[in-house]
Amino acid sequence: MPIRKSNDIANDPSIDSKIKSSVKIDEILERYNVDKTDNILPGDEAFAYLSEKVDECIDTINDNATAVSSGGTVEKAKALNTTRRIGGVDFDGTSNIDLPGVNTTGNQNTSGRAASATLAAEATALENPRTIGGVSFDGTANINLPGVNTTGNQNTTGNASTATLAADATTLRTARTIGGVSFDGSASIVPRQHKGSTNAYYLTPGDFYPHGARATGDLNPDATPSQVVATQAGSYTAFITLPLGLVPYSVVVYGSDPVRNVVKVYMSKFENTTITQIGGGSSGFAVNTDTTLSGYDDWSSDAYYLAISVSTDGADAIYGGKITMR
């Protein structure tokens, strides 16, 4: 509120009468009325002049102040007592100002770090280094992360810490076809045209046929087709391809004469005549004997097939056999 002059106090009905009487407005007006020369006492003109100037000062303050606290201090002023410079422009509070390079065309003459500061894209280092994967990084050089691009392990707390290897998955996300049969990893399969299970291939009498100069006769099935009979002495051979990814482990051929019927097993290349004996040694092994193979270290089902030969001296029967794989 504005500063109160004595006459304003006297005419304000809200002010206590005791305060009014102490001011003695009427007495002062009567005593110092310059228009009434008979009331002027020595020094009265000087006092009246002083009172007038005090009122002028109060008017000036009230003209420039919009609010005064109850304690008498100015809370809001129309102008600053001392003009200040902002961005090189004088400001006394009486009007808005514009700053060149801020809200009008121009430049600010900076003398601090802003004068030489570069864009963040051009910074050579971070003011505060950060830790990435447990390694401090301030931007001055590349870093390596153990378990990512160097030997080591990441101490993970998310899903990676409990994730299992793909080898532990129960199914394949996308099923694959193996030997004409869909395979998703949830169960074993038997490829089509494969006579057996995933770890065994079963031979039938019909898999054998005469082989070599001496084996000119037929392998004739008997009345119950449970066997074939060699009508002449010679070798009778079965040629077997195995599923990809499997390796022959042992072979047994069932026959009528374990003394005269000798079994030999070979691995033979598809692309040439290379053949290597891998079962029973050079002398072979007898029928009805499950014999572990050896010497097939470089076996691959897309490079080799099995040749199983049974020699007879005539009138011997072959019942079938089994190849165990791994």
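## Close-up views of the predicted model

**View 1. Arg-326 sits over the face of Tyr-249.** The distance from Arg-326 to the centre of the Tyr-249 ring is 3.6 Å (a charge counts as over a ring if NZ of Lys or CZ of Arg is within 6 Å of the centre and within 35 degrees of the ring normal). This is a predicted model, where local features need pLDDT of at least 70 and side-chain atom pairs need 80 or more, while totals for chains, interfaces and linings use all residues. Numbering starts from 1 along each chain as its sequence is written, and side-chain values use heavy atoms, leaving out hydrogens and water.

**View 2. Phe-239 and Tyr-305 make one of the 4 aromatic pairs in the structure.** Their ring centres are 6.1 Å apart and their planes meet at 65 degrees, so this pair is edge-to-face (centres of Phe, Tyr or six-membered Trp rings within 6.5 Å; under 30 degrees is stacked, over 60 edge-to-face, the rest tilted). Phe-239 belongs to strand S13 (residues 233-240) and Tyr-305 to strand S19 (residues 304-313), so the pair ties together parts 66 residues apart in sequence (strands are DSSP E runs of at least two residues, numbered from the N terminus). At 36% relative accessible area, Phe-239 is partly exposed (buried is under 20%, exposed over 50%, partly exposed in between, with a 1.4 Å probe and protein chains only). Ring pairs also bring in Tyr-209 and Phe-270, giving a cluster with Phe-239 and Tyr-305.

View 3. Trp-299 and Tyr-304 are both buried.

**View 4. Ser-309 is a buried residue of strand S19.** The relative accessible area of Ser-309 is 15%. Leaving aside residues up to four places away in sequence, Ser-309 touches Ser-235, Tyr-236, Thr-237, Val-262, Val-263, Lys-264 and Tyr-266 (contact means heavy atoms within 4.5 Å).

**View 5. The largest nonpolar core has 28 residues** (buried Ala, Val, Leu, Ile, Met, Phe, Trp, Tyr and Cys joined through side-chain atoms within 4.5 Å). Val-253, Val-265 and Ile-323 touch the most other members. Strands that each supply at least two residues include S14 (248-255), S15 (262-269) and S20 (316-325), but S19 gives the most, with 4 residues. Zooming in on Ile-323, its contacts beyond four places in sequence include Tyr-201, Leu-203, Ile-240, Leu-242, Val-251, Leu-306 and Ile-308.

**View 6. Leu-172 sits in the loop between strand S6 (135-137) and strand S7 (176-178).** Leu-172 is partly exposed, at 39% relative accessibility. Asp-184 is 12 residues away from Leu-172 in sequence, and their C-alpha atoms are 5.0 Å apart. Besides Asp-184, Leu-172 touches Phe-183 and Gly-185, not counting residues up to four places away in sequence.

**View 7. Residues 18-24 and 213-223 have pLDDT below 50** (pLDDT is the predictor's per-residue confidence, from 0 to 100). For the chain, mean pLDDT is 75, and 60% of residues reach 70 or more. Where pLDDT is low, predicted coordinates should not be read in detail.
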